[in-house]
Each structure stands twice: as structure tokens, then as C-alpha cells.
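Q: I've got the model open and want to go through some of the helices and loops. Can you take my questions as they come?

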Amino acid sequence: MSASGALIGSGTAGGGSIRSSAGLPSEQLAAALRAALTDVSPDSVRAGAFGIAGSGTAAGSLARDAAVLAWKTVGLTGTPRVVTDLEVAFAAGTSAASGLLLLAGTGAAAVAFADRAVTRRCDGYGWLLGDEGSAVWLGLRGVQAALNAYDGRGPATSVRDAVAEHFGLHDDFAQGVIAAVHAREPAYLGRLAPLVTAAADAGDPVAAELVEAGAARLVAAVRAVWDGNPADLVLAGGLLLAGGPVRRAVLARLDGLPLRHRDAGPGAAGAAVLALGDLGGGAVDPGIHERVLRAGTES
């Protein structure tokens with residue numbers, strides 16, 4: 001982005017999560033940067049920001065090291081700012097410095113911000129320990145429900161057929177699911193969440209129950225970080241921005257609370273907002289903020 005919020009270049013690559021993405025995060029980040037710099041001289045870049053899931057954990061140095069290595073690999077100078085995906089998601093949804101974020105994508109967390117700094121958070125513990133209500137959480141429980149229907153421990157559900165079709169299974173369902181799921185990185189489970197949401201929309205009671213359970217956990221996370229005062233609530237992540245049953249269930253549970261719902265734009269745009277804030281002493285003009293998000297959405 002230019003200092004005025006105009007889009008100059010963009011790039012994409014594979015996932016960069018330290019915990020759940022395939023491949024080396026530094027190589028994926030470098031590939032995205034290299035594409036974004038196609039028509040840009042590295043010498044002209046004055047600031048940068050990375051939002052990486054897991055960079056705020058005990059293993060966060062791995063994420064920060066990957067970002068710095070990618071930065072230097074493509075010829076950029078200086079040191080980029082490295083924050084979690086939560087900070088960039090919040091910046092991608094509001095120009096306000098304080099407020100709330102509810103993210104439900106591959107992972108899930110609720111966060112309270114003051115002056116763009118995290119003051120309180122709930123969940124975001126990763127797919128194994130938490131991320132309740134996330135796409136991975138929902139996809140995993142959809143597979144479990146399908147297996148329960150297969151072996152008789154649970155009620156019949158259309159999710160079983162959807163899982164079989166997704167993986168192209170024609171013989172032993174259980175063994176096929178075991179092989180397919182364990183052959184992929186944990187983040188892949190998030191791709192199975194649409195099977196559950198589609199089934200819920202089609203009236204499958206098992207899928208609908210999973211959606212409601214996920215929405216309940218997400219709203220519980222918001223309540224855990226909220227002080228009860230009116231605030232912006234930025235909604236981020238594929239499950240909340242897709243307009244499907246999870247979003248509807250969450251908004252229904254939030255109805256009547258003094259929270260102004262705002263949808264987050266692309267995370268990369270939020271990172272650009274943070275980088276521009278670093279150049280301008282922290283604050284970003286609301287007009288420039290809107291321009292960055294609009295350009296990010298169109299890229």
C-alpha cells in the first residue's frame with residue numbers, strides 16, 4: 001500500500017501457521033511477499049506488518065523468526081512488525097483503537113482491545129486445546145458425528161454421506177476417514193466445516209445441533225472479554241463472514257446487546273493498516289483506513 005492507502009501490489013501463497021499449515025512458513029510468506037513486490041522496488045518499502053496465528057504463544061519466536069527471514073529473503077530492509085492474526089483482523093474491521101473482536105475461521109478467539117493493544121482474550125488455544133466454534137472445531141465434530149452414525153453410537157446424519165463424497169470413499173467408511181484425515185495437516189479439518197453448515201441449512205438436526213453448539217461457545221467467548229459497555233464488535237473469519245448458519249446463530253445470540261457489528265476486511269489489509277499506523281505514530285486517518293480496506297477487498 002502507498003502512504004495514502006492505494007494498492008500497489010498483492011500476493012498469495014500457502015498457509016503460514018506455525019502449528020497447523022503444511023510446508024515451511026518462511027517460504028510461504030516469502031512467496032506471497034515476492035508476488036506483492038513484482039512491480040515494487042524493495043528499497044521503497046518503509047514498514048511492514050505480519051499477522052500470524054501463534055505468534056503470541058510460547059512458540060511465538062518461531063513465527064517471528066519466519067516472518068523476519070521471509071522479509072530479508074525478498075530483499076527488504078529493516079524489521080517488520082509481527083503480531084497475531086487477531087490484531088490484523090481487528091484493524092481490518094474498524095478504525096477505532098478500542099473495541100472487541102470475534103474471530104471464527106480456521107481458529108477461534110474473542111479479544112478486547114484498548115489503543116489497539118490486547119487487554120483480554122478468550123480461547124485461540126489452537127485446534128488441539130481449544131478454538132471452540134472454529135471451522136476446524138466444527139469440521140472435526142462433523143467427522144466425529146459421521147463416524148458415530150456409521151458405527152451406531154449416534155443418530156443418522158447426512159454429514160456422513162457428505163464426508164464420504166468429499167474424500168471419495170467407496171469402501172470401508174471408517175478406515176477411509178482415518179486414512180484421509182491423518183494424511184492431512186490439522187488445518188485441513190476446517191475445509192470440512194462447510195459440509196456441516198450445508199447440512200444444517202438443509203435441515204439436518206445433527207448438523208444444526210453442532211452449529212448451535214459452536215455459536216454458543218463463540219458468544220460465550222465474547223461475554224468473557226466484554227465489560228458490558230457499548231463497543232464495536234468486529235466479526236472476522238470465514239465462518240462469521242460467509243453469511244451461513246454459524247453467523248446467523250451468533251448474531252441471534254448477540255441480539256439486543258449494545259454492540260455494533262462490523263465485518264472485517266482482508267487480513268492483509270489489516271496488516272497494512274498497522275504498518276501505516278507505525279509510520280504515522282499509531283493513528284490512521286479513517287478515510288485512509290476505508291481506502292485500504294476497499295483496495296484490499298478488490299485485490
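Q: Which residues in α5 are buried?
A: Val159, Val163, Ala164 and Phe167 are buried in α5. Buried means under 20% relative accessible area, exposed means over 50%, and partly exposed is in between (1.4 Å probe, protein chains only). Helices (H or I, at least four residues) and strands (E, at least two) are DSSP runs, numbered from the N terminus.

Q: Where do they sit around the axis of α5?
A: They cover an arc of only 140° around the axis, which puts them on the same side of α5. The arc is taken from the directions running from the helix axis to the C-beta atoms.

Q: And what is exposed on the other side of α5?
A: Asp161 and Glu165 are exposed there.

Q: Before I go on, what kind of model is this?
A: This is a predicted model, in which local features need pLDDT of at least 70 and side-chain atom pairs count only at pLDDT 80 or more, while totals for chains, interfaces and linings use all residues. Residues are numbered from 1 along each chain as its sequence is written, and side-chain values use heavy atoms, with hydrogens and water left out.

Q: Back to α5. What do its buried residues pack against?
A: They pack against α4, α6 (173-182), α7 (193-201) and α8 (205-225). Contact here means heavy atoms within 4.5 Å.

Q: How do α4 and α5 pack?
A: Helix α4 (residues 135-151) and helix α5 (residues 158-167) pack at an angle of about 110°, and their axes are 8 Å apart. The axes are lines fitted to C-alpha atoms, for helices over the stretch in contact, and angles between N-to-C directions run from 0 to 180 degrees.

Q: Parallel or perpendicular, roughly?
A: α4 and α5 are roughly perpendicular to each other. The cut-offs are under 35 degrees for roughly parallel, over 145 for roughly antiparallel, 65 to 115 for roughly perpendicular, and oblique for the rest.

Q: Which residues meet there?
A: From α4, Gly142, Ala146, Ala149 and Tyr150 meet Val159, Arg160 and Val163 of α5. By class, that contact has five nonpolar, one polar and one charged residues. Ala, Val, Leu, Ile, Met, Phe, Trp, Tyr, Cys and Pro count as nonpolar, Asp, Glu, Lys and Arg as charged, and the others, Gly among them, as polar.

Q: What caps the N-terminal end of α5?
A: Thr157 does, with a side-chain oxygen 3.1 Å from the backbone nitrogen of Val159.

Q: And what follows α5?
A: Gly168, whose phi is positive, near 65°.

Q: New topic, the loop between β4 and β5. What is the phi of Asp115?
A: Asp115 has a positive phi of about 55° although it is not a glycine. Asp115 lies in the loop between β4 (108-114) and β5 (117-123).

Q: What about Arg116?
A: Arg116 is not a glycine either, and its phi is positive, about 65°. Arg116 is in the loop between β4 and β5 as well.

Q: Is Asp115 buried or exposed? Arg116, buried or exposed?
A: Asp115 is exposed, at a relative accessible area of 67%. Arg116 is buried, at 17%.

Q: Last one, Ala49. Where is it?
A: Ala49 is in strand β1 (residues 49-51) and is buried, with a relative accessible area of 17%.

Q: What does Ala49 touch?
A: Not counting residues up to four places away in sequence, Ala49 touches Arg81, Ala271, Leu274 and Ala275. Ala49 and Asp278 are 229 residues apart in sequence, with their C-alpha atoms 9.2 Å apart in space.

Note on methods. Polar contact = N/O pair within 3.5 Å; in protein donor to acceptor, adjacent residues only side chain to side chain.
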